[in-house]
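Colleague: Before I use this model, I'd like to know what stands behind the words in your notes. Can you put it up?

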Amino acid sequence: MADNSIEVKGLYKIFGPHGEKYIQMVKDGMSKDELNAKYGHVLGLKDINIKMPSAKIQVIMGLSGSGKSTMIRHINRLIEPTVGEVIYQGQDICKMSKSDLLAFRRHKTAMVFQKFALLPHRTVINNTLFGIELQGVARAEAEERARHWLSRVGLDGFEDNYPNQLSGGMQQRVGLARALTNDADILLMDEAFSALDPLIRMDMQTILLELQDELHKTIVFITHDLDEALRLGDRIAILRDGEVIQQGTGQDIVLNPADEYIADFVKEVNRGRVIKVDTIMSPTAPAASLQIPTGSSLEFAAKKLTDSDISEAAITDTSGTPIGGITMKAVIDAMVTPATH
Amino acid sequence: MSLKEMLPEYMIEFPEMGRADLRDLKKGIDQSFRTFTRENGEAIENFFYPLKMFMVWFEKLLLGTPWPLMILVLCLLVWLGARSITMVIGTAIALLVIGYLGMWEDTMRTLALVSVSTFVCIAIGIPVGILMSKSDRIQAVIVPILDIMQTIPAFVYLIPVLMLLGIGKVPGLIAVCIYAIPPVVRLTNLGIRLVDKDVLEAADAFGASPRQKMMQVQLPLALPNLFAGVNQTIMMALAMVVVASLIGAHGLGSQVLKAVNNQYLTLGMMNGLAIVTIAIVFDRVSQKFGKRLQKHSEKIHG
């Protein structure tokens, strides 16, 4: 399989007419507030370095104004960086010619937007095939592909409706179908589920995870919701004021928050769902009757242990060989938020 | 002691340009324009020749078609535009009354003039509007020109048009177009600029070229505004037919002009009302058509 990882290197973005003039000052440590007060330029992103793994979901999390939407727009260059590189398959996207960029956007990326951004004058099916129509795919084939993906996101029978006739959740399904129809290796999702109400958001997350199980795209997912980030993200990068303050797996971040700010964030998290049994297992496998597969969550392990009313279980790898053990006590210890946080 | 006595001379009397200088200036400009006309008049006339032929052909077509067939065709067009049987019947009755009152031929001439000038306005106006929407600099140049075209008294630009092209159909047509083109240009520009930024960003993200973006996203979404512009252009073209008749555009307008000159009250009223009738038909049909174009945005439920 082709390597579809994306690497962002030393990316800076300063908004304003002469952004490039102030790069050195920012590198020398000028703060966002100082830059704005003295020169009227806004620091959007500062020294971003993220390696986004191929065929995984990379979540970029931050509150509003943290620069996460600016960040994702550099990957398909909807925003020009002030300095920095975005490398995909050995090529710097920031240096592509206009026509290369157009081809890259058409064939390699697809995007889902917070406000759906469907074309109001086109029916659902015509919205869905918009991307491949731009690629030049013949009408009959385009329609067939669009129908396939519409049906995958559960919109059978809505092909000839207009976006305005659908609810928000359904409109975002169209947005998702439009992106999937493009058959691109990279899927960019800019707060794609943030505008939906909680139940529908959960629904959409499930759909996305199910699809990802078979599609293995490189997904860059922007969100301001930590629960969403932990549920979806194989890797998470947390942004604040245009800087990455921590990156790693969800478990890394929950177990070792880099600073007070992140600690505050993760305090409310359901640790049982985030932390994996592997983190707390002891290396010696007990002779227990209960076996729990590697990669399971603590919550899952706790349920198994209570159901069988025993206090010890063996952890097995994918082939079923025991690789370690856990006890009920260790599970509950790890699930309770440590007092130090 | 009054204020006037305290002030020096040049602050009381306006320091005008000398009378002789002013006369020379006016004469000079007039003279050079006349020379320009003499030298280029023919070339300009040749330039407009195809338009003239088109105009003549179209007028002949309307006049040559037997009236029952003409009414049928017009009613069909109204149906296609508005999809309303009431409006078709209304149009048919209006045309029959106009014909019965002896204004059929003049109405056809006016119809020809308004149709051709609307066509010219759209053909020039929409591309100019698109150009304007693409660049702030072009917009900054064109907006004042449009302002001038809309505010300058029509009689003023009748003079150079008359000097260049004489009396006839084409000068009438040009006068109408100068007056009627601004709305379609303005509203094309506005419509394109008002297209939702999020949708444009989506088009960019999926790799739309500037041309694809214009044809598949911007223009379709600007259509309601664009159509309001076309509607205004038609209305303004109809409003101009009387002035255009001053320089030789025949039709209902010239009858109104005749009525003004001779104080024929009834003649003036009848032809005036005929213009109003055509205007109402055009307006309602184009509005209904415009509404049908944006049907997709009407039914909203969450």
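Colleague: What makes residues of chain A and chain B count as in contact?
Modeller: Two residues are in contact if their C-beta atoms, placed from the backbone, lie within 7 Å. By that test, 19 residues of chain A are in contact with 20 residues of chain B. On the chain A side, helix H4 (98–107) and helix H6 (130–135) each supply at least two residues; helices here are DSSP runs of H or I with at least four residues, strands are E runs with at least two, and both are numbered from the N terminus.

Colleague: How do you know which residues of that side of chain A are nonpolar, polar or charged?
Modeller: Ala, Val, Leu, Ile, Met, Phe, Trp, Tyr, Cys and Pro count as nonpolar, Asp, Glu, Lys and Arg as charged, and the others, Gly among them, as polar. Sorted like that, the side of chain A touching chain B has 10 nonpolar, six polar and three charged residues.

Colleague: And how far do you trust all this?
Modeller: It's a predicted model, where local features need pLDDT of at least 70, side-chain atom pairs count only at pLDDT 80 or more, and totals for chains, interfaces and linings use all residues. Residues are numbered from 1 along each chain as its sequence is written, with chains lettered from A and ligands numbered from 1 in the order in which they are written. pLDDT is the predictor's confidence in each residue, from 0 to 100; chain A averages 89, and 98% of the residues score at least 70.

Colleague: Why are strand E2 (42–52) and strand E5 (91–92) of chain A said to stand at the edges?
Modeller: The open sheet of four strands in chain A runs E2-E1-E4-E5, with antiparallel pairing. Strands E2 and E5 of chain A each have a single partner strand, so one side of each lacks a neighbour in the sheet.

Colleague: What makes strand E1 of chain A a partner of E2(A)?
Modeller: Pairing takes at least two bridges found by DSSP between two strands. Strand E1 (residues 6–15) of chain A and E2(A) have seven, in the antiparallel sense, so they pair. A:Val8 stands opposite A:Ile50 in E2(A).

Colleague: Where do the domains of chain A come from?
Modeller: The bounds come from an automatic or database domain assignment, which gives domain 1 (52–269) and domain 2 (273–335) in chain A. Six residues of domain 1 of chain A are in contact with four of domain 2 of chain A.
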